[in-house]
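Colleague: I'd like to learn how to read a model like this one, feature by feature. Could you walk me through it?

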Amino acid sequence: MYKGYIMILFAVGLLLAGCRNGAASQQQQVASGGVEYARWLSIEQCDGYTRIDVKNPWNEGAVLQTYMLVPQGAELPDGAKSGGTVVRTPLRSALVYSSVHGGVIKELGELQSITGVCDVQYFDMPEVKKGVEEGRIVDAGNSMQPTLEKVVQLRPDAIILSPFQNGGYGALTNMGIPIIECADYMENTPLGRAEWIKLFGELYGRRAEADSIFESVERRYMGLKSLADSVVERPTVISETVTSGVWYVPGGDSYMAHLYVDAGACYPWQENGSTGSLSLSFEQVYDRAHDADVWLVKSLNEMTLGEFAAQYPLNAEFKAFKERRVYQCPTMRTTLYQDFPFHPDVLLEEYIKIFHPGLLPDSTRYFFLMADE
């Protein structure tokens, strides 16, 4: 990160000058609280407010939303009066749709601001579930169709959710409540997604804490990646399995593909340029990756190798199966989905432990266990 004296001067200069039209250099953006890795997020410190642009992942070059973050009680600056949704910060009350974002808010020390949630059954946060049971946190129902009466009753400072292509929010858009569209899940690199913690730092007046957390994640991730870069032999890895005739594998420029390669593995589709998933048949996967050394599978509950083969008999034909190097993550008893988006260094360490056990002899696996282990 850029911590030198010159960078501090750049930051001060930008704060005094306010927002300028035209592109700032990446160095200047980072120095002023901006972003370096995130593809779909822009943060700009202006005179009396912070401008946040959430770029449109489905229409490159377009902006999905612009937010003007203004301190609570402050007079609205001229620059924030047009061109975006005004959000008063720090947020004191938020309706949160995802436990991933709830976890970030908790990490920043603002758990008390979560006053409402949607899809509470998917929140792997005991504090939230207890709050709902005790009536301190409003259960606004299903995120696809929240209970409007509950939202009106709650009247939060903001609604925090994940946007979807061509998605709308119905009557919520007419309530005058800022809807913060967090497109972090559309980032195709681990550090790109993790850097969205800076948005939450701005929303909650916790910029220093958010920057510190991200810098720690970045430093640890890059250190682990450098360690894995030193290996000579790289095992080939495949993931998931065929479901209803389709095998979804990460595209070569996707989040997971980057993690596999950064952990010192070869990935059969790493030359593919897709940032999403590829929909393949069993035959297509088998033809290219039947001799893969390691197989990573996420499932709701633990499975034995026998159950894995019974699920689809041809699974037993893969080299990784025959050599008993199938690793599974039972998502119902781990916090994988909540933890890794903003702490990819933890998952990277686990993958290195699986691919190259000798590199991290004292490390522990938290998410994946060997089938029949």
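Modeller: Let's start with a term we'll need: buried means under 20% relative accessible area, exposed means over 50%, and partly exposed is what lies in between. Keep in mind that this is a predicted model.

Colleague: Is phenylalanine 164 buried or exposed?

Modeller: Phenylalanine 164 is exposed, because its relative accessible area is 52% and the cut-off is over 50%.

Colleague: How do the rings of phenylalanine 164 and tyrosine 185 sit relative to each other?

Modeller: For ring pairs, planes under 30 degrees apart count as stacked, over 60 as edge-to-face, and the rest as tilted. The count here comes to 19 aromatic pairs. In the pair you ask about, the ring centres of phenylalanine 164 and tyrosine 185 are 5.9 Å apart and the planes meet at 50°, so the pair is tilted. It links distant parts of the chain, 21 residues apart: phenylalanine 164 is in the loop between strand 8 and strand 9, and tyrosine 185 is in the loop between strand 9 and helix 6.

Colleague: Which rings are linked into a cluster?

Modeller: Ring pairs join Trp247, Phe282, Tyr286, Trp295, Phe308, Tyr312, Phe318 and Phe321. Phe308 also turns up in the lining of the largest cavity, along with Val297, Met303, Thr304, Val326, Gln328 and Ala371. That cavity has a volume of about 30 Å³.

Colleague: Now sheets. In what order do the strands of the open sheet run?

Modeller: The general idea is that strands of a sheet pair through backbone hydrogen bonds, either parallel or antiparallel. Here 5 strands make an open sheet with parallel pairing, in the order 7-6-5-8-9. Strand 7 (138–139) and strand 9 (179–181) are the edges, each pairing on one side only. Strand 8 (residues 158–161) is joined to strand 9 by 3 bridges, and leucine 161 has glutamate 181 as its bridge partner in strand 9.

Colleague: And where would I look for an antiparallel pair?

Modeller: Look at strand 1 and strand 2 (residues 50–55), which are antiparallel and joined by 5 bridges. Serine 42 is partnered there with aspartate 53 of strand 2. The hairpin has 4 residues between the strands, and glycine 48 takes a positive phi near 95°. Strand 1 (residues 41–45) is mostly covered, with 4 of its 5 residues buried.

Colleague: Are arginine 155 and glutamate 240 buried or partly exposed?

Modeller: Arginine 155 is partly exposed, at a relative accessible area of 47%. Glutamate 240 counts as buried, because its relative accessibility is 17% and the cut-off is under 20%.

Key. Residues are numbered from 1 along each chain as its sequence is written. This is a predicted model: local features need pLDDT of at least 70, side-chain atom pairs count only at pLDDT 80 or more; totals for chains, interfaces and linings use all residues. Side-chain values use heavy atoms; hydrogens and water are left out. Two strands pair if DSSP finds at least two bridges between them. Helices (H or I, at least four residues) and strands (E, at least two) are DSSP runs, numbered from the N terminus. Buried means under 20% relative accessible area, exposed over 50%, partly exposed in between (1.4 Å probe, protein chains only). Rings of Phe, Tyr and Trp (its six-membered ring) pair if their centres lie within 6.5 Å; planes under 30 degrees apart count as stacked, over 60 as edge-to-face and the rest as tilted. On a 1 Å grid over the protein atoms alone, a cavity is a set of points where a 1.4 Å probe fits but cannot get out, and a pocket is an open set with protein on both sides within 12 Å along at least five of seven lines; lining residues have an atom within 4 Å of a point. Grid points are joined across faces, edges and corners, and a volume is the space filled by probe spheres set on the points.
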